[in-house]
Amino acid sequence: AARLNVTEPGPGCIHFSARLDAAFFAQLTAERVQTKWSNGRPVRQWVPRRPGARNEALDCYVYASAALQGLYSGGLRLADMVDRLDRVGAVAPLQGALLRSSWVGGRR
């Protein structure tokens, strides 16, 4: 949610397509964080701003962010790939950009 407050383009800023409609942004902001106390400890939870509000855009953003972090932890060097973009927009080959796992692809 803090990234929605970043207004300057760059690290941490979310860039949105101009094709997105108001319904998308209503879903993106459909919940707010609320702190409740349980057994003497603060517990943060997300609650709808309006009863029955749809939040699929927010959920999809969170899942996509988590997937990207998973790829980073698996060895994806996205910044290195961007640095190797050629003038026509094609990604130049990058050796060792991604760690390979024997689990993916069924290799034994």
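I take partly exposed to lie between buried, under 20% relative accessible area, and exposed, over 50%. The model I examined is predicted.

**Entry 1: the salt bridge**

I looked up salt bridges and found that the structure holds one. Its partners are Arg54 and Glu56, and their closest N and O atoms are 3.2 Å apart. I then checked the accessibility of each partner. Glu56 has a relative accessible area of 35%, so I list Glu56 as partly exposed. Arg54 stands at 56% and is therefore exposed.

**Entry 2: the aromatic pairs**

I searched the whole structure for aromatic pairs, and the search returned three. For Phe16 and Phe24, I recorded ring centres 6.1 Å apart and planes at 70 degrees, so I class this pair as edge-to-face. For Phe24 and Phe25, the ring centres are 5.1 Å apart and the planes stand at 90 degrees, which makes this pair edge-to-face.

**Entry 3: the cluster**

Which residues do ring pairs link into a cluster? I noted Phe16, Phe24 and Phe25 as its members. Phe16 has 36% relative accessibility and counts as partly exposed.

How values were computed
Residues numbered from 1 in each chain as written. Predicted model: local features only at pLDDT ≥ 70, side-chain atom pairs only at ≥ 80, totals over all residues. Heavy atoms only, no water. Phe/Tyr/Trp six-rings, centres within 6.5 Å; stacked < 30°, edge-to-face > 60°. Buried < 20%, exposed > 50% of the residue type's maximum accessible area, 1.4 Å probe, protein only. Salt bridge = Lys/Arg side-chain N within 4 Å of Asp/Glu carboxyl O.
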